[in-house]
Amino acid sequence: MREDRGLATLEMTLVLTILVPLLFSILEFGAALERWLAQDAATVQAARFAGEVGGDTPEVRGLLAEQMRASGVDPATVTIEIAPARVGWREPVRVSVASEYRIAIPFLFSTTLPLRSSAISRGEVNR
Amino acid sequence: MKALHDDRGTAAITTVALLPLLLVVLAGVLQLGALRVAVTRVRAAADLAALVAVNNQDDRELARTGVLRLAGDAPAVAREYLARELELSAPLLAGSADEIAAAADIAAFAAPPAFDERTGARYERPTVRIAAEVPLRTPVFGALVFRPVTTVNVLAVSAPR
């Protein structure tokens with residue numbers, strides 16, 4: 001019996017160092033994908049709205065900020081690009097949103113994933 | 001007999017032996033998640049293209065009669081914007097955005113009521129319908145003896161309010 005002392009601890013340590021990173025990988029990447037989906041949906045809505053209001057307006061940026069906040073993202077950390085800033089009648093308008101998501105896997109690594117979303121709509125304001 | 005009942009190290013050996021399987025499961029789960037994102041993206045692309053196309057109304061007809069009527073080039077607009085939207089997700093696609101959009105079945109029902117033979121739906125307002133087969137890259141599935149390309153069927157229907 002004396003020989004077995006510590007063996008269980010050693011085994012448990014070995015098992016945990018393998019299983020914990022696996023579990024956290026699934027959780028962390030799942031959360032990143034969920035965040036990416038939310039950002040994609042917000043971007044599509046913003047593109048549609050940008051077409052309706054005629055381009056890069058405070059209302060479009062406000063909508064995006066509200067959507068990102070609802071997804072648990074600080075809007076200050078998000079890069080938004082709306083081109084062209086003033087869209088003409090039936091011209092394409094593109095909204096791009098970029099943010100970063102930090103992933104930390106215990107015992108393995110931590111890194112930052114760039115999440116990029118873009119959508120194109122069409123100008124509906126006949127100036 | 002003593003050696004047969006010696007369980008020391010069994011858990012560790014089992015875990016190490018199962019590690020490749022666990023890694024395969026992890027890779028499969030991540031690929032499934034990425035596929036879900038890709039499917040959502042191409043569906044959103046088709047939805048937005050249909051929305052843009054249905055807003056392409058015949059302005060003269062609207063000014064003259066006050067009735068919403070799709071412009072003649074609505075299907076072309078839908079195809080153009082489907083290609084534009086898909087191009088934004090080009091790294092996820094297993095084909096070119098232009099080819100996928102060109103092969104899409106796009107129909108404009110300008111004069112309601114109309115019956116859509118493909119979906120069996122009846123439209124009471126001017127409607128644009130996009131049906132497309134979009135091949136998506138799934139390299140991890142390919143490495144796991146499944147297909148490296150997963151084709152998703154996308155259907156988007158839009159009508160003006």
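**Salt bridges and the A–B interface**

In this predicted model, a search of the whole structure finds eleven salt bridges over all chains.

**View 1. The interface of chain B and chain A.** Here 32 residues of chain B are in contact with 31 residues of chain A, and the area buried between the two chains is about 2,700 Å², with carbon and sulfur atoms giving 69% of it. Two salt bridges are counted between chain B and chain A; one of them joins Asp59(B) to Arg90(A), whose closest N and O atoms lie 3.4 Å apart. On the side of chain B that touches chain A, helix H1 (10-54) and helix H3 (74-87) each supply at least two residues, and H1(B) gives the most, with 21 residues. By class, this side of chain B has 18 nonpolar, eight polar and six charged residues.

**View 2. Arg48(A) and Glu52(A) in helix H1 of chain A.** These two residues form a salt bridge, with the closest N and O atoms 3.7 Å apart; because they are four residues apart in helix H1 (residues 7-53), about one helical turn separates them. Arg48(A) is buried, at 17% relative accessibility, whereas Glu52(A) is partly exposed, at 39%.

**View 3. Asp56(A) and Arg61(A).** The closest N and O atoms of this salt bridge are 2.9 Å apart. Asp56(A) is partly exposed at 27% relative accessibility, and Arg61(A) is partly exposed at 32%.

**View 4. Arg64(B) and Glu61(B) in helix H2 of chain B.** The side chains meet in a salt bridge of 3.2 Å, N to O, and the residues are three apart in helix H2 (residues 59-65), so that about one helical turn separates them. Arg64(B) is exposed, at 63% relative accessibility, while Glu61(B) is buried, at 19%.

How values were computed: Residues numbered from 1 in each chain as written. Chains lettered and ligands numbered in written order. Predicted model: local features only at pLDDT ≥ 70, side-chain atom pairs only at ≥ 80, totals over all residues. Heavy atoms only, no water. Contact = heavy atoms within 4.5 Å. Buried area = accessible area lost by both parts, 1.4 Å probe. Salt bridge = Lys/Arg side-chain N within 4 Å of Asp/Glu carboxyl O. Nonpolar A, V, L, I, M, F, W, Y, C, P; charged D, E, K, R; others polar. Buried < 20%, exposed > 50% of the residue type's maximum accessible area, 1.4 Å probe, protein only.
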